Amino acid sequence: MADRKYIPIPRACPSILIYGEVTGLITADPGLPRSNPTPSYWQHVPHPLASTQSASLPNHTDYAVIGSGITGLSVALTLLESDLSATVTVLEARTLCSGATGRNGGQLAANAGEEYLHLARVHGAERAGQIVRFTLRNLERMRDLVNKYAPDASELQDVQKLRVFQTPDTFADFEESIAALERDHPSLKGLYTIISTEQLKEEYKMDGAGGALLRAGTVWPYRLITQTFASLLEKYPSRLSIETNTPVTGVDVDSGSGYTVQTSRGSLRAGKIAYCTNGYTGHLLPRLRGPIFPFKGTMTVQDPGPNTRNCGKEISWGFHYPAVYDETSNIYSGGLYYLLQSARTGYFYFGGEHTKIENCLSSDDTEVDEGSIAQLREKLARFLGEDRSREPWAVVSAWSGVMGFSADGLPVVGRLPASVTEREGEGEYIAAAFNGYGMPNCLLCGEALARFMMGKNEVVQLPEAYGINEDRLKNLLTVENSVGYFTVNSSTN
């Protein structure tokens with residue numbers, strides 16, 4: 001749902017007050033997912049399995065998967081298909097797929113071009129190339145998942161994504177990043193088609209310093225994930241249990257070789273545990289509060305009426321501008337608005353952030369800021385070149401969603417060391433912190449995590465920079481780097 005870059009702490013720090021406020025927000029306990037979230041339009045017709053659970057919890061499971069979004073689904077699917085005797089229990093605090101996956105922007109799009117130069121500077125060209133290719137491969141696998149499990153319900157559309165850069169500086173940074181990508185990885189040339197200011201105006205009726213086209217897609221994420229879970233439950237009824245409305249409240253090492261997973265409905269023993277908890281990770285893993293933190297995004301569905309052309313089968317959009325945190329007003333502007341149009345209804349699905357910092361750095365999705373909704377209504381018409389004097393389009397739905405962000409802007413995937421769990425044992429694993437780009441990352445990250453859990457490390461194809469290790473925990477996944485993103489990009493104007 002959102003976009004960001006990791007930037008280290010500056011030498012000239014902002015005021016102690018501002019620094020302390022952001023630190024407090026980022027390191028707070030996110031708690032459990034709230035029981036009454038704002039209603040996401042994607043979920044307005046609940047799946048029959050939305051509140052499924054067993055009459056009682058299983059006494060034991062080989063694998064406990066905490067979370068039922070794309071990542072949790074991918075872990076469960078891979079375990080069930082690869083370990084033919086394994087039992088898998090999916091534990092979800094709320095209804096099925098009620099978290100970030102069921103609340104996102106519905107876009108199948110990579111951010112390789114925008115991020116490449118930064119990634120190459122931090123991790124080197126080879127590792128940066130691994131990340132780009134991984135995200136592109138993940139998007140293809142998402143299409144495969146749709147075609148296998150939910151070809152009709154998911155409303156998949158293959159489109160061109162038009163990224164529009166609002167300022168000359170953001171466009172220049174993008175062009176520099178694309179040039180580096182194509183220089184370092186010639187096989188990726190042509191991934192983006194650069195669009196000039198004049199072309200934007202003439203061909204797309206949009207204002208901006210420049211733009212770019214790339215292959216992308218749009219999808220109904222909730223339907224895809226719930227329908228896939230339904231297929232797995234039908235195929236593996238004796239090995240898969242899905243326990244919704246069953247928040248995990250604690251984990252302990254048990255007297256045997258596994259763990260006791262405590263929930264609101266009692267406890268169960270698990271051989272290994274997968275934390276697919278994204279923005280809520282810090283609740284069960286306090287040592288990751290700060291290195292991983294919640295970021296709340298806002299989405300709307302707006303009805304343009306019958307006189308607006310439906311481009312839903314052709315194009316989706318991203319509007320880029322400099323991200324900034326205004327210390328005077330306490331407003332954070334996220335640097336990206338994202339938009340798709342339903343090919344079926346013509347509705348626009350539009351999201352992005354321009355709100356007080358405490359509204360963003362929050363795990364509470366029971367509220368959606370009215371100011372954010374007003375901004376999205378005003379911005380959409382302006383971006384699309386509509387008459388500004390007319391009434392804004394009707395809001396069909398508006399909701400918030402909690403994403404997981406990391407201090408260095410990359411997912412965190414692998415076996416958790418004892419320095420994080422503060423427990424003995426080697427059976428706790430994590431795949432979280434997708435930084436607003438879960439659609440091009442989660443599926444293959446979940447698959448990789450499942451293979452780690454099964455001890456099949458030799459077949460895992462995961463970007464090295466995604467791994468969790470002591471060096472990354474010490475130098476990149478730090479509270480200082482998390483806070484630094486917001487306080488570096490700050491102004492007092």
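**S40.** I looked up S40 and found it in the loop between α1 (16–27) and β1 (60–66); helices (H or I, at least four residues) and strands (E, at least two) are DSSP runs numbered from the N terminus. This is a predicted model, where local features need pLDDT of at least 70, side-chain atom pairs count only at pLDDT 80 or more, and totals for chains, interfaces and linings use all residues. Residues are numbered from 1 along each chain as its sequence is written, and side-chain values use heavy atoms, with hydrogens and water left out.

Is S40 buried or exposed? I note S40 as buried because its relative accessibility is 3% (buried is under 20% relative accessible area, exposed over 50%, partly exposed in between; 1.4 Å probe, protein chains only). Not counting residues up to four places away in sequence, S40 touches G102, R103 and W399 (contact: heavy atoms within 4.5 Å).

**Cores.** Next I checked the largest nonpolar core, which has 88 residues (buried Ala, Val, Leu, Ile, Met, Phe, Trp, Tyr and Cys joined through side-chain atoms within 4.5 Å). V75, V88, Y349 and L462 touch the most other members there. I followed L462: leaving aside neighbours within four places in sequence, its contacts are F134, V413, C445, A448 and F452. Another core, of 26 residues, lies apart from the largest one and includes V251, I292, A407 and V420.

**Lining of the second largest pocket.** Which elements each supply at least two residues of this lining? I wrote down α6 (197–204) and β12 (315–320). By class, I have nine nonpolar, two polar and five charged residues in the lining (nonpolar: Ala, Val, Leu, Ile, Met, Phe, Trp, Tyr, Cys and Pro; charged: Asp, Glu, Lys and Arg; polar: the others, Gly among them). A pocket here is an open set of points on a 1 Å grid over the protein atoms alone where a 1.4 Å probe fits, with protein on both sides within 12 Å along at least five of seven lines; lining residues have an atom within 4 Å of a point.
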